[in-house]
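This report describes a single protein chain and the surroundings of one of its residues.

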Amino acid sequence: MFFRKNLPAPERGLRFAAAGALILGGLYWFGFTVTGYAIAGAGVFIALTALFGFCPACATIGRKPVAPNQ
């Protein structure tokens, strides 16, 4: 890969949970509107950062990579 993971395993799990809540909550409360899709899209982005273990925003502010076994 072209990146080094900068999210530890516990944070990745929390990000998956938050992503699911954003996707389901956005579509439930706002329906299939622009706002609902925007909130669900943010949830998809968070799920992708959890899946890959790399967060571009964290890298931008200088967060250090995690050890390979995490």
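Contact here means heavy atoms within 4.5 Å. By that criterion, and leaving aside residues up to four places away in sequence, Asn-6 touches Gly-53, Phe-54, Cys-55, Cys-58, Ala-59, Arg-63, Lys-64, Pro-65 and Val-66. The model is a predicted one, in which local features need pLDDT of at least 70 and side-chain atom pairs count only at pLDDT 80 or more, while totals for chains, interfaces and linings use all residues. Residues are numbered from 1 along each chain as its sequence is written, and side-chain values use heavy atoms, with hydrogens and water left out.

Asn-6 is located in the segment before α1. Its relative accessibility is 2%, so Asn-6 counts as buried (under 20% relative accessible area, with a 1.4 Å probe and protein chains only). A polar atom of the Asn-6 side chain lies 2.9 Å from the backbone nitrogen of Cys-55.

The protein contains three helices and zero strands, where helices (H or I, at least four residues) and strands (E, at least two) are DSSP runs numbered from the N terminus. Of its 70 residues, 27% count as buried.

| Item | Value |
|---|---|
| Helix α1 | residues 9-30 |
| Helix α2 | residues 34-52 |
| Angle between α1 and α2 | about 165 degrees |
| Distance between the axes of α1 and α2 | 8 Å |

The helices α1 and α2 are therefore roughly antiparallel to each other, a term for angles over 145 degrees. Axes are lines fitted to C-alpha atoms over the stretch in contact, and angles run from 0 to 180 degrees between N-to-C directions.

Conventions
Angles under 35 degrees count as roughly parallel, over 145 as roughly antiparallel, 65 to 115 as roughly perpendicular and the rest as oblique. Buried means under 20% relative accessible area, exposed over 50%, partly exposed in between (1.4 Å probe, protein chains only). A polar contact is a pair of N or O atoms within 3.5 Å; within protein, one must be able to donate a hydrogen and the other to accept it, and residues adjacent in sequence count only if both atoms are side-chain atoms.
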